[in-house]
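User: I would like to learn how to read the core and the aromatic pairs of a protein model. Please take me through them one feature at a time.

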Amino acid sequence: MEEGKAYSPDGVFAHLEMLEARAHEAAVKQEETEQQEEKLARLKARAQELRFQRDELRAKVELQEKGQLGKGGVVSDPAQPSARAVLEWKIKSVEATLQVFYLTGISGKLTKRGVCFCISTAYEGTYLDSYCLDLLIKPEVQIHRHSVPVFIPLEQIAKKYLQTDIRRFLSVLSDHLNAYAGRRYQADQLQEHFSDQIEGTLQRNSLCNLLVFSYNVSSKSKTFPFKVRLLYGDLCCSLPTEVVVSCAPDAPVSLAETAAAHSDLFRRVALHKAFRSFSSADESVDGAP
């Protein structure tokens with residue numbers, strides 16, 4: 001009797017729920033750790049940016065003092081700083097700006113006509129792709145050429161920030177590219193490692209902000225398909241803003257709770273990590289005594 005009770009459906013489902021809860025808790029903790037690391041990196045970049053702004057203000061004050069104070073500290077005619085002093089200040093400003101960007105995955109080098117930036121993307125510590133952006137600075141800042149994908153809203157971002165705040169322009173563009181790379185990476189990982197669970201083909205658009213797919217869930221020796229629709233409304237985010245997980249009408253009532261749990265996990269955890277937790281739970285249940 002005790003052995004039969006161990007194999008009862010209620011016991012198996014209780015064990016499955018316990019494993020899913022543990023997997024969810026572990027995934028949430030890992031996500032919190034990654035968020036803390038990202039926050040620390042942003043704070044370091046912000047600190048470096050504030051140092052740059054401080055040095056920039058000091059340089060401006062020094063130039064003004066050199067241009068307006070004569071011998072003995074007496075105010076003379078407001079002469080313009082020398083061309084050499086202005087050039088040196090501009091070079092220092094550009095170098096400091098490039099150092100700030102380097103901390104956030106953006107590097108750059110001066111060219112004869114402007115600056116060439118390279119934006120590197122990564123997800124969960126994995127390096128993905130790099131995109132180049134060649135800017136001209138005379139007579140005004142403008143994009144000369146680039147390798148940014150056509151579906152990234154580069155023109156809108158440039159129109160909003162390029163002429164007024166180039167650092168903000170690069171930061172927003174980097175957010176878009178990293179979020180796109182993260183969404184694409186998750187979809188690729190899902191297809192590569194969990195194709196046996198996916199039913200049919202995973203459908204996605206070029207921007208990877210809409211994913212539609214189905215996967216199988218077992219219950220009482222039967223298999224039922226779960227249909228999923230993930231919408232990433234925030235193009236600067238790699239987690240979905242809208243998740244719909246539905247099961248077949250003839251599926252057991254208990255699977256509706258499973259669909260709700262999976263939906264919550266998809267909102268909080270990377271796509272392939274969510275599937276890894278499903279697989280771990282299934283394997284543990286299969287091997288349970």
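This is a predicted model: local features need pLDDT of at least 70, side-chain atom pairs count only at pLDDT 80 or more; totals for chains, interfaces and linings use all residues.

User: How many helices and strands does the protein have?

Analyst: Helices (H or I, at least four residues) and strands (E, at least two) are DSSP runs, numbered from the N terminus. Here there are 7 helices and 8 strands. Buried means under 20% relative accessible area, exposed over 50%, and partly exposed in between (1.4 Å probe, protein chains only). Of the 289 residues, 36% count as buried.

User: Which residues touch the most other members in the largest nonpolar core?

Analyst: A nonpolar core is a set of buried Ala, Val, Leu, Ile, Met, Phe, Trp, Tyr and Cys residues joined through side-chain atoms within 4.5 Å. The largest one has 26 residues, and Phe-213, Tyr-215, Leu-230, Phe-266 and Phe-275 touch the most other members. At least two residues each come from several elements, including helix H5 (166–193), strand E6 (210–219) and helix H7 (271–286). Another core, of 21 residues, lies apart from it, with Tyr-131, Leu-162, Val-172 and Tyr-180 among them.

User: Is Val-269 buried or exposed?

Analyst: Val-269 sits in the loop between H6 and H7. Its relative accessibility is 2%, so Val-269 counts as buried. Its C-alpha atom is separated by 9.8 Å from that of Ser-238, 31 residues apart along the chain.

User: How many aromatic pairs are there?

Analyst: A pair of aromatic rings is described by the distance of the centres and the angle of the planes. Rings of Phe, Tyr and Trp (its six-membered ring) pair if their centres lie within 6.5 Å; planes under 30 degrees apart count as stacked, over 60 as edge-to-face and the rest as tilted. By this rule the count is 9. The rings of Tyr-123 and Tyr-185 have centres 5.8 Å apart and planes at 55°, so this pair is tilted. Tyr-123 lies in strand E2 (residues 114–123) and Tyr-185 in helix H5, so the pair ties together parts 62 residues apart in sequence. Both Tyr-123 and Tyr-185 are buried.

User: Why is the pair of Tyr-215 and Phe-266 edge-to-face?

Analyst: Their ring centres are 6.3 Å apart and the planes are at 90°, so the pair is edge-to-face. Tyr-215 is in strand E6 and Phe-266 in helix H6, 51 residues apart. Tyr-215 and Phe-266 also belong to one aromatic cluster with Phe-194, Phe-213, Phe-226 and Phe-275.

How values were computed: Residues are numbered from 1 along each chain as its sequence is written. Side-chain values use heavy atoms; hydrogens and water are left out.
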